[in-house]
Amino acid sequence: MANEFINQLKTLIPAFLEAVEEKLPFVRRFEADHVCWRTETKLEYNDLTASLHRYSGATLLIESTIGGRPIATFKLHEGIACCSNRRIITVIEIPSPKDGSLYSTGLEHVEFALGTKGDNISPVNNTNHQSKLQGFMEEHPQIQNWNVKALRKDVNPDVSVKIDLPEFGTCSVKFHLMPLEKVIEYELSNGMA
């Protein structure tokens with residue numbers, strides 16, 4: 001199952017990111033640090049994550065309960081090249097479906113890290129996160145439907161926008177300061193996960 005899933009991602013992720021870049025050209029400046037793959041059922045989640053646990057081409061970074069359901073994050077040993085090889089996606093987030101929420105299986109969102117490698121930042125929400133994310137939204141007044149619900153999260157706050165992509169349906173594009181892999185490292189080393 002894992003091999004088929006990875007092969008499917010190798011086709012879908014490049015098309016997904018190219019469609020996102022076409023719809024929101026300004027994202028080309030930022031690191032696409034991970035994509036999220038939704039599963040329709042808990043059984044599908046369990047089967048997929050169990051298969052990836054056994055797959056030699058990926059490592060589980062973390063599986064934790066967030067919002068009342070498990071979310072697994074895997075790092076692929078061989079990244080998926082996208083956008084004329086300008087991007088390499090190595091981190092895949094897989095949430096189990098929430099009770100009462102209906103999602104189709106497939107790519108649901110991509111997250112972009114706005115910080116630079118030299119930034120000395122923590123994933124813990126503070127005035128730095130707030131000012132940078134507010135400033136980012138102000139830089140892009142063409143976006144009328146910013147979702148700021150996650151701006152107040154204690155760790156790794158973000159802002160997002162929903163876009164319609166013909167091949168993928170309605171998807172989210174999220175923006176935060178640190179790549180998810182770095183957030184996970186921080187949480188694990190500080191006993192937060």
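Modeller: Helices (H or I, at least four residues) and strands (E, at least two) are DSSP runs, numbered from the N terminus. Residues are numbered from 1 along each chain as its sequence is written. This is a predicted model, where local features need pLDDT of at least 70, side-chain atom pairs count only at pLDDT 80 or more, and totals for chains, interfaces and linings use all residues; side-chain values use heavy atoms, without hydrogens and water.

Biologist: Where is aspartate 158 found?

Modeller: Aspartate 158 lies in the loop between helix H3 (127–139) and E6.

Biologist: Is aspartate 158 buried or exposed?

Modeller: Buried means under 20% relative accessible area, exposed over 50%, and partly exposed in between (1.4 Å probe, protein chains only). Aspartate 158 counts as buried because its relative accessibility is 5%.

Biologist: Which residues does aspartate 158 touch, not counting residues up to four places away in sequence?

Modeller: Contact means heavy atoms within 4.5 Å. Among the residues touched by aspartate 158 are Leu133, Lys174 and His176.

Biologist: What is the order of the strands in the open sheet?

Modeller: Two strands pair if DSSP finds at least two bridges between them. The seven strands follow the order E2-E3-E4-E1-E5-E7-E6, with mixed pairing. Strand E2 (58–66) and strand E6 (159–165) are the edge strands, each pairing on one side only.

Biologist: How many bridges join strand E5 to strand E7?

Modeller: Five bridges join E5 (residues 106–113) and E7 (residues 169–176), which run parallel. Alanine 113 stands opposite histidine 176 in E7.
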